[in-house]
Amino acid sequence: MIGRLNHVAIAVPDLEAAAAQYRCTLGAEVGPAQDEPEHGVTVIFITLPNTKIELLHPLGAESPIGAFLAKNPAGGIHHICYEVEDILAARDRLKASGARVLGTGEPRIGAHGKPVLFLHPKDFNGCLVELEQA
Ligand SMILES: CC[C@@H](C(=O)O)C(=O)SCCNC(=O)CCNC(=O)[C@H](O)C(C)(C)COP(=O)(O)OP(=O)(O)OC[C@H]1O[C@@H](n2cnc3c(N)ncnc32)[C@H](O)[C@@H]1OP(=O)(O)O
Ligand SMILES: [Co+2]
């Protein structure tokens, strides 16, 4: 059911410092900062030959990554995002298998303008999983 690895997300305490490290130290192609108020984050995407890295920083007091950064003040890998052909079919199959779909359970539009859903990390070996419609 899952397809390509769309991105690996890293929560960072200093977005510009992290972007500069990827640009200057690692020589990667670094995009602009994008505020995503509906998701409570500011993101910067780094394009690699085979996938993307999503640098995440909290936006607003209710950010879903606030608690994560409080527990991991130096930052850390926050989630992985897999592409799926049909996000509603994937959601229904996962729910039937007992996985917890986070939030309302309805897809929301993500940073790439496509529907996304999140699955509880406790149901996936301690790893928060994002699904994005391909
Ligand atoms: C820009 C849009 C989009 C895109 O298009 O790419 C994004 O990527 S947005 C990214 C941010 N959005 C989200 O993360 C939404 C989904 N997240 C959530 O709903 C919550 O953050 C959560 C995963 C349900 C956790 O929230 P909460 O229960 O309030 O936090 P706790 O701190 O109490 O955590 C409970 C439990 O789970 C562990 N945990 C939390 N986050 C992670 C994580 N990222 N990876 C692994 N484990 C995680 C946490 O440690 C707690 O465990 P215990 O201490 O053992 O109970
Ligand atoms: Co993401």
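Me: What makes β7 and β8 a pair, and in which sense do they run?
Reply: In this predicted model, β7 and β8 are joined by four bridges in the antiparallel sense. Two strands pair if DSSP finds at least two bridges between them, and strands themselves are DSSP runs of E with at least two residues, numbered from the N terminus, as helices are runs of H or I with at least four. The four bridges therefore make β7 and β8 a pair. Opposite Val116 stands Glu132 of β8.

Me: Why are β2 and β6 called edge strands?
Reply: The open sheet has eight strands in the order β2-β3-β4-β1-β5-β8-β7-β6, with mixed pairing. β2 (29-36) and β6 (108-109) each pair on one side only, and these are the edge strands.

Me: How do you know that helix α3 packs on the sheet, and which strands does α3 touch?
Reply: Helix α3 (residues 87-96) touches β5, β7 and β8. Contact requires C-beta atoms, placed from the backbone, within 7 Å. The direction of α3 makes about 15 degrees with that of β7; axes are lines fitted to C-alpha atoms, for helices over the stretch in contact, and angles run from 0 to 180 degrees between N-to-C directions.

Me: What makes Ile10 buried, partly exposed or exposed?
Reply: Ile10, in strand β1 (residues 2-11), has 17 C-beta neighbours inside 10 Å and therefore counts as partly exposed. Beyond its neighbours within four places in sequence, Ile10 is in contact with residues including Ile53, Leu55 and Ile77.

Me: What makes up the shell around ligand 1, by residue class?
Reply: The shell divides into 15 nonpolar, five polar and three charged residues. Nonpolar covers Ala, Val, Leu, Ile, Met, Phe, Trp, Tyr, Cys and Pro; charged covers Asp, Glu, Lys and Arg; the others, Gly among them, are polar. β5 gives the most, with three residues.

Me: How are residues and chains labelled, and what limits apply?
Reply: Residues are numbered from 1 along each chain as its sequence is written, while chains are lettered from A and ligands numbered from 1 in the order in which they are written. In this predicted model, local features need pLDDT of at least 70 and side-chain atom pairs count only at pLDDT 80 or more, whereas totals for chains, interfaces and linings use all residues.

Terms used: Two residues are in contact if their C-beta atoms, placed from the backbone, lie within 7 Å. A residue is buried if 20 or more other C-beta atoms lie within 10 Å of its own, exposed if 12 or fewer, and partly exposed in between; C-beta atoms are placed from the backbone.
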